[in-house]
Amino acid sequence: MSHTPHELAADFPEYAEKISALKQSDARFAKLYDEYHEVNRKVHRAETDVEPTGDEEMEAMRRTRMQLKDELYAILTK
């Protein structure tokens, strides 16, 4: 698979070390991180037509990804 856009470390390079540390030390962050990447991979597969998806489902996945990313960012900026 090609590079998946919206990887957290790429979107927030200034927090790369903190992301790595929180994945190990904060169970809630780790769970949100895993959920984010699962949804992100689904969006990427849909966007590249590996797994074609309807417009409504695509928008729902994108909203979910954005909500998870916002929660993760809030934790990172505490």
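Among contacts in the protein between residues at least 6 apart in sequence, those joining residues at least 24 apart make up 69%. This figure, like the others reported here, comes from a predicted model. The protein contains four helices and zero strands, and its elements follow the pattern α-α-α-α when read along the sequence. The C-alpha trace spans about 35 × 25 × 20 Å along its principal axes. Of the 78 residues, 33% count as buried, while the accessible surface comes to about 5200 Å², with 49% of that area belonging to carbon and sulfur atoms. As for charge, the mean positions of the 12 positive and 17 negative charges are 4 Å apart.

In soluble globular proteins, nonpolar side chains tend to be buried together. In the present model, the largest nonpolar core has 18 residues, and those with the most contacts inside it are L8, I19, F29, Y33, M61, L72 and L76. Two or more residues are given to this core by each of α2 (16-25), α3 (27-47) and α4 (55-76), and the largest share, seven residues, comes from α3. When residues up to four places away in sequence are not counted, Y33 touches L8, I19, K23 and L72.

Leaving aside residues up to four places away in sequence, L22 touches F29, I75 and L76.

Aromatic side chains form three pairs. The rings of Y15 and Y73 have centres 6.2 Å apart and planes at 85°, so this pair is edge-to-face. Because Y15 lies in the loop between α1 (8-11) and α2, whereas Y73 lies in helix α4, the pair ties together parts that are 58 residues apart in sequence. The two residues fall into separate accessibility classes: Y15, at 19% relative accessibility, counts as buried, and Y73, at 36%, counts as partly exposed. F29 and Y33 form a stacked aromatic pair, with 6.3 Å from centre to centre and 25° between the planes. Both of these residues lie in helix α3, four residues apart, which corresponds to about one turn of the helix, and both are buried. Finally, ring pairs link F12, Y15 and Y73 into a cluster.

Technical notes:
Residues are numbered from 1 along each chain as its sequence is written. This is a predicted model: local features need pLDDT of at least 70, side-chain atom pairs count only at pLDDT 80 or more; totals for chains, interfaces and linings use all residues. Side-chain values use heavy atoms; hydrogens and water are left out. Buried means under 20% relative accessible area, exposed over 50%, partly exposed in between (1.4 Å probe, protein chains only). Contact means heavy atoms within 4.5 Å. Accessible areas come from the Shrake-Rupley method with a 1.4 Å probe; for residues, only the protein chains shown count as cover. Lys and Arg count as positive and Asp and Glu as negative; His and the chain ends are not counted. The place of a charge is taken as NZ of Lys, CZ of Arg, CG of Asp or CD of Glu. A nonpolar core is a set of buried Ala, Val, Leu, Ile, Met, Phe, Trp, Tyr and Cys residues joined through side-chain atoms within 4.5 Å. Rings of Phe, Tyr and Trp (its six-membered ring) pair if their centres lie within 6.5 Å; planes under 30 degrees apart count as stacked, over 60 as edge-to-face and the rest as tilted.
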